[in-house]
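Hi,

Here is the model I promised to pass on.

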Amino acid sequence: MERSSTIMDAIFASPEEESRGRLLKIMQEFLISEAAKHSAKEKETVKGKGKASDVNMDELVGNTDGFADSGVSSAIVQRYLGHILDAALSQNPQIQTTAIDVLSFTIKQGLAHPLQSFPVIVALETSPLPHLSNRASALHAVLHTKHASLLNTRYTVSARASFDYQKKVTSGPVRGFRAQTPPVALLQRWYFLVREKRTTRQDFLKALVKVFQESPSNRATQDDVDFTRYMAENFSAFDYKTQEEVFSVIKYLTMILSTTGVQLLETISPAHLLSHLRSTAPTTSGPEASDVMEGVIETAPAQPPAELQEKVFIMRSSVIVAMVMLLKAHLKILYSLSEDKCSKFSLGKKSAIGDKPAMKRHDNVTISWERLPFAMNPILTTEDVESQKARFLDIWNEDGVSAEPEDEFL
């Protein structure tokens, strides 16, 4: 066994794809063979007892010591699961197909803990290839049925895994929806499963909306900006069934803006924050707004690379917060929800207004980043920094005070 493990370790560590593909195939055949032996032994045991055996709950959650001759199959899978999961995301079709075969067997037989494979399943669900996304959805349904209460601990990790996978299979910027009518969120299959029950649906929304919380250090990378855009586009295109879902997302976004957003505003423009707090009227236009902006947005001279990089970090954070504001505005307009209705909604409480169907004004509307060009393009220069600063403050001024949609569906 030790000699075999040494050989397998060397093959998985090798860049030779053909060898890894053959090894995965051998592994698959071994697992099927061992499962057949185990099944035959179980049948003999049942015959001896004269009744069917109960489901072994330990095996369902990954404790499979009794499976396939004292856990040989489980031991092999758990030792090489990382390699199997990497291969399932491979761009080599042959390796990927075999790895997914092994992963399917692993999940259905309970050979490894479900949380280990869940992020990869979510990632594969977003594949543009129907045969891959359909297989992943079937496996996701198995995990959701057996382990729904466990999976919510890996929601954010799984969403990030889907984004990382999309970077591998997509040419150009990663988008969070497929451009069709109506647009379909890449994570819609996942949402379709969790929305069946109110508790799991609300847990899902609460967990994933946290991806919009910028870290206190305000050192966002370009990858953080791209991931935030990906998630904002998913939230903008989810097929919400009740108004409670939309209200909840808007409420969570408002909480983020009242904490992370305000802290960032203080960092970027203390004078603007002070004026914003003192003002009791909208300042989106007119001399008051220009007075606030005067002296805050200035044309800066060329800066040393280190100083410029620090400002780029902060401006990336401002792009993230601005995307939160634009997502909130998009949902309010798309579902005809006023700021007043949103502010009065109570999270966690069932209500008549929350139980009403979520009705879109239009089916073919996608969230627009036209007002926020750095949602799609990187911030590189001092001019970019100043431009984003101005755009951020402009969008901030309008949050909650822009033209409200008519409550035609309320």
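Let's start with Gln-202, which counts as buried because its relative accessibility is 12% (buried means under 20% relative accessible area, exposed over 50%, partly exposed in between, with a 1.4 Å probe and protein chains only). Gln-202 sits in helix α10, residues 198–208 (helices are DSSP runs of H or I, at least four residues, numbered from the N terminus). Leaving out residues up to four places away in sequence, Gln-202 touches Glu-244, Glu-245, Ser-248 and Tyr-252, where contact means heavy atoms within 4.5 Å.

Before the rest, two caveats. This is a predicted model, so local features need pLDDT of at least 70 and side-chain atom pairs count only at pLDDT 80 or more, while totals for chains, interfaces and linings use all residues. Residues are numbered from 1 along each chain as its sequence is written, and side-chain values use heavy atoms, with hydrogens and water left out.

Now for helix α1. Ser-5, Met-8 and Phe-12 are buried there. They cover an arc of only 65° around the axis, so they lie on the same side of α1 (the arc is that of the directions from the helix axis to the C-beta atoms). Exposed Arg-3 and Ala-13 are on the face of α1 turned away from its buried side.

Last one: Arg-22, in helix α2 (residues 17–49), counts as partly exposed because its relative accessibility is 47%.

Cheers

Conventions: Helix = DSSP H or I, 4+ residues; strand = E, 2+ residues; numbered from the N terminus.
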